[in-house]
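The paragraphs after it go through them in turn.

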Amino acid sequence: MAWKKHDQKALRKKVFEHLNQNISYKKNNILGLPGSYLDRKVFFKASFLKDAPFLTCMLENSNHIGCHTFDESEEVFSGTQKLEYELLKICAEEFLQATPRTWDGYLAPGGTEANIQAMWIFRNFFLQQGAKIDEIAIVHSQDTHYSVYKAADLLNVDNICIKTDDVTKQINLVDLLEKIENAQLHNKKFFIFILNMGTTMFGSIDDIDEIRGVLDALGDNCKVHVDAAFGGFIYPLTNPNNKLSFLDPQIHSFSMDAHKMLQAPYGTGIFLVRRPFMQYARTKQASYVHGEDYTICGSRSGANAVAVWMILNSYGPQDGKKFVRSLIQLTDYLCEQLTKLNIEYFRDPFMNVVSVPAHAISKQVAQKFFLVPDNHESPKWWKIVIMDHVTKVALSEFIDQL
Ligand SMILES: Cc1ncc(COP(=O)(O)O)c(C=O)c1O
């Protein structure tokens, strides 16, 4: 098993060992790179840094440009790139059940980029199969994150938005069938499906089996990306029957966000894709980058990879599960209290998100507890996300106000 718990001393030792495998701006004569350690006037040296591997990595400022699941990539920072590979391996193989060496990926700036990267890859794949750009469509539910609309705009691909059921929040099959049929009548032949492991507003999980018939009928002319930016670090641990994983041959890629559930620094989205699809994002002109570039963003901080690696490895699977279970228990408590008050809500039982219709909570209370609306101008729903800092006391105060 790649994912196991390390004590803090072992964690520090491993990070420093890998950091020392990088070529260092301090110790080596690096003349060819447009990068350096962080500014010396602003970022001071402190004796505690020897005990602070993440901060030291930030100061050393390694660049993880390129894709480090390939054999060849930029050699200067190969030490910390190995930690990026290790954390991706945990996500792909432990959380999402991939078979070793059947996937690629990278640590992206966030879920937005990881989603766009997936659609970019599948658009290019279809184009290389001979598709014309106006024969390709992105299919997603109305509860999908706005990054999918951004991708459609950037990639010049039409999008098809499918209604979801008011109560279950599942994709409406009748609407899906009608819209696919209509799209086919209008010359669409290739489809990029976006499924959600945790929608932004409801934390709802799309049931792939409900749309299996559609995917089967489209066969090789469709690719499925799962946006697990919200649920990727919780749902696979809480639901032993999670269907959205690499075990399903119809799913081709995933986004996850370590800067949400995993409490990593911002800039830690994760993109994972089946081999050999990453090559469809290859930019041959990136010839000055050793191993070339396959990512949208290019340069990115190696310290972020170290932070995610450290979080995963200081928990290990057992403590990771214990942590998410405690969040689920607290979410259960909130739901019990709402039920007692006869307040309706939507919640997937394996998620830490509860959405309450706007009429049930006054704007004043929603604002006091910083609840997030689906729409700031005319809210229909408020959402509550149970994170590490949320306590039973805070929830009780909220319930009292209701
Ligand atoms: C389901 C989903 N996907 C993608 C994103 C985008 O993530 P980021 O803000 O990290 O780009 C979000 C953000 O909330 C999200 O909820």
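Are α1 and α9 roughly parallel or roughly antiparallel to each other? The model is a predicted one. In it, the axes of helix α1, residues 8–21, and helix α9, residues 302–340, come within 10 Å and cross at roughly 150 degrees. Angles over 145 degrees count as roughly antiparallel, and α1 and α9 are therefore roughly antiparallel to each other. The crossing in which α1 passes α9 is right-handed. On the α1 side, the contact involves Gln8, Leu11 and Val15, which meet Val306, Met310, Asn313 and Ser314 of α9. Of the residues in the contact of α1 with α9, 4 are nonpolar, 3 are polar and none is charged.

Helix α1 also packs against another helix, α2, which covers residues 53–60. The axes of α1 and α2 come within 10 Å, and the crossing angle is roughly 15 degrees. Angles under 35 degrees count as roughly parallel, so α1 is roughly parallel to α2. Here α1 passes α2 in a left-handed crossing. From α1, the contact uses Arg12, Val15, Phe16 and Leu19; from α2, it uses Pro53, Thr56, Cys57 and Glu60. By class, the contact of α1 with α2 has 5 nonpolar residues, 1 polar residue and 2 charged residues. Val15 of α1 takes part in the contact with α9 and in the contact with α2.

Next comes the sheet. It is open and has 7 strands, in the order β1-β7-β6-β5-β4-β2-β3, with mixed pairing. The edge positions belong to β1 (103–108) and β3 (158–162); each has a single partner strand, so one side of each is left without a neighbour in the sheet. From one strand to the next, the twist averages 20 degrees. One of the pairs joins β4, residues 190–196, to β5, residues 222–228, in the parallel sense over 6 bridges. Within this pair, Ile194 has His225 of β5 as its bridge partner.

Helix α4, residues 111–128, lies across β1, β2, β4, β5, β6 and β7. Its direction is at about 25 degrees to β7.

Which element gives the largest share of the shell around the ligand? That element is α4, with 3 residues. There are 14 residues around the ligand, and those that come nearest are Gly110, Gly111, Thr112, Thr200 and Ala229. Sorted by class, the shell has 10 polar, 2 nonpolar and 2 charged residues.

Conventions
Residues numbered from 1 in each chain as written. Predicted model: local features only at pLDDT ≥ 70, side-chain atom pairs only at ≥ 80, totals over all residues. Axes fitted to C-alpha atoms, helices over the stretch in contact; angles between N-to-C directions. Helix = DSSP H or I, 4+ residues; strand = E, 2+ residues; numbered from the N terminus. Parallel < 35°, antiparallel > 145°, perpendicular 65-115°, else oblique. Left-handed = near helix turned anticlockwise from the far one by under 90°. Contact = placed C-beta atoms within 7 Å. Nonpolar A, V, L, I, M, F, W, Y, C, P; charged D, E, K, R; others polar. Pairing = 2+ DSSP bridges. Near = placed C-beta within 6 Å.
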